[in-house]
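Visitor: Could you show me how to read this one? I'd like the general idea before each case.

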Amino acid sequence: SLAPEALDAHDLEGVEHPSVRELMYGELLPFATQEKFTYAHSWREGDLVLWDNLRTIHAATPFDSGSHPREMWRTTVASPQ
């Protein structure tokens, strides 16, 4: 599971009740970040990885940008409904 400091948490408005933080870091994140729900990619040249940002909890791992070029594109797909 992820340590709370591995993720950025921002309030949109006001101050959250302490029980919200306890629920998030004490119950929801430990459950959602179990090994059976996580994916860590082992990169090889030519790989392409896609994910759904709306339904993904993600935390960056260290990346050596001096030795490995990285290209990231963002695409938004709208539903016709």
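Visitor: What percentage of the residues in the chain is buried?

Guide: A quick caution before that. This is a predicted model, where local features need pLDDT of at least 70, side-chain atom pairs count only at pLDDT 80 or more, and totals for chains, interfaces and linings use all residues. Residues are numbered from 1 along each chain as its sequence is written, and side-chain values use heavy atoms, with hydrogens and water left out. Now, buried means under 20% relative accessible area, exposed over 50%, and partly exposed in between (1.4 Å probe, protein chains only). Here, buried residues make up 5% of the 81 in the chain.

Visitor: How many helices and strands are there in the chain?

Guide: Both are DSSP runs, numbered from the N terminus: helices are H or I with at least four residues, strands E with at least two. This chain has one helix and zero strands.

Visitor: Is Thr33 buried or exposed?

Guide: Thr33 sits in the segment after H1, and it counts as buried because its relative accessibility is 7%. Thr38, also in the segment after H1 (18-32), counts as partly exposed at 44%.

Visitor: Which backbone oxygen does the side chain of Thr33 reach?

Guide: A polar contact pairs N or O atoms within 3.5 Å; within protein, one must be able to donate a hydrogen and the other to accept it, and residues adjacent in sequence count only if both atoms are side-chain atoms. Thr33's side chain reaches the backbone oxygen of Leu29 at 2.6 Å, while that of Thr38 reaches the backbone oxygen of Glu35 at 3.1 Å.
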